[in-house]
Amino acid sequence: MNKSKELAIVQKLTHITDENRIVLNETGWTSRVYIIDDGAFVFKFPRGKKWYDECRHELTILKLISEYAFNVNLPLIKWEGENLSYTGFYGVKGKSITTQAIEKLNDRQKREVGEKIGLFLKKLHSIDYKGKSPNNESDIILWLQKTFHKRKRLLEVYFNKNELETIEEIVTAFPQKSTQYGTEQVFCHCDLGYNNILLTGNLEVGIIDFGDSGMYEKSHDFTGLEDDIMLDAAIIAYGDDEVLREKVAIRRQLLPLMEMLFLIDRKDEKGINESASKIKKIIYNNRR
């Protein structure tokens, strides 16, 4: 479906003709997203039929979690296009968290947001889920290792020889390290990075994009909380578990590299350099 037809559907269903109230976000790989009135309504249009399964899975998950009461704001399904050609939601107000936005929060505010996320995850992880899980950790690790070696020559532009050797050691050792504290599979969001956490001016938290949700090691859902204060508050609210902290610390070492490899494919030079800086910080912190 072309963008003019998508826009026509959005305008017809919402009765909003003023295009200034409708923002198109095309950054996602799988769908184009139309955001109306800062999130009052949101529409997703799959970029092709190969992405319909992900859309169908997200609808299943949203219908499941709508049966539970959460302390954060979540999307609610309002419209479903024929043959999954689109999905429309009562959206979630707020803007995606960025590193810059986090830096503007004081410690108390960071802890307040982290606590809300921790309580959300505690409830989410308690759901008895028997359905499909689109992600598999062994497949993700295999993708990471293959992609790292494929992009190794390009990575030499951003890292010196010693740094690159350290990165390779981290990638190689991850499968063993990730299981040394045991694994606990629970129902996870599976993509809980800053981009999928929305924040309003009065610190209301919204969670979006459940297309990857399924059974996964529970530490996975904490890995995207890059701010240490926010992460600490989330883990305390969740139940304060030292084993969980160790698991998260291991996973956090790989996250910037995964982001960087993804951004290389997107040719996002600004994002690539930001991820490279994060990786170098991890490397030199480990050497202390």
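The model is predicted. Helices α5 and α7 cross at roughly 160 degrees, while α8 and α9 cross at roughly 145 degrees. An open sheet is formed by three strands in the order β6-β8-β9.

**Helices α5 and α7**

- The axes of α5 (residues 137-150) and α7 (residues 161-177) come within 10 Å, with a crossing angle of roughly 160 degrees. That angle makes α5 roughly antiparallel to α7.
- The crossing of this pair is left-handed.
- On the α5 side, the contact involves Glu-137, Ile-141, Leu-144, Gln-145, Phe-148 and His-149; their counterparts in α7 include Leu-164, Ile-167, Val-171 and Phe-174.
- Classified by residue type, the contact of α5 with α7 holds eight nonpolar, three polar and two charged residues.

**Helices α8 and α9**

- Helix α8 (residues 228-238) and helix α9 (residues 242-252) have axes that come within 11 Å, and their crossing is right-handed.
- Asp-228, Leu-231, Asp-232, Ile-235, Ile-236 and Tyr-238 of α8 meet Leu-244, Arg-245, Val-248 and Arg-252 of α9.
- This contact has six nonpolar and four charged residues, with no polar ones.

**The β6-β8-β9 sheet**

- Pairing in the sheet is antiparallel.
- Strands β6 (95-96) and β9 (205-207) stand at the edges with a single partner strand each, so one side of each lacks a neighbour in the sheet.
- Two bridges join β6 to β8 (residues 197-199), and Lys-95 has Leu-199 as its bridge partner in β8.
- Helix α4 (residues 107-124) packs on the sheet, where it touches β8 and β9; the direction of α4 makes about 40 degrees with that of β9.

Technical notes. Residues numbered from 1 in each chain as written. Predicted model: local features only at pLDDT ≥ 70, side-chain atom pairs only at ≥ 80, totals over all residues. Heavy atoms only, no water. Axes fitted to C-alpha atoms, helices over the stretch in contact; angles between N-to-C directions. Helix = DSSP H or I, 4+ residues; strand = E, 2+ residues; numbered from the N terminus. Parallel < 35°, antiparallel > 145°, perpendicular 65-115°, else oblique. Left-handed = near helix turned anticlockwise from the far one by under 90°. Contact = heavy atoms within 4.5 Å. Nonpolar A, V, L, I, M, F, W, Y, C, P; charged D, E, K, R; others polar. Pairing = 2+ DSSP bridges.
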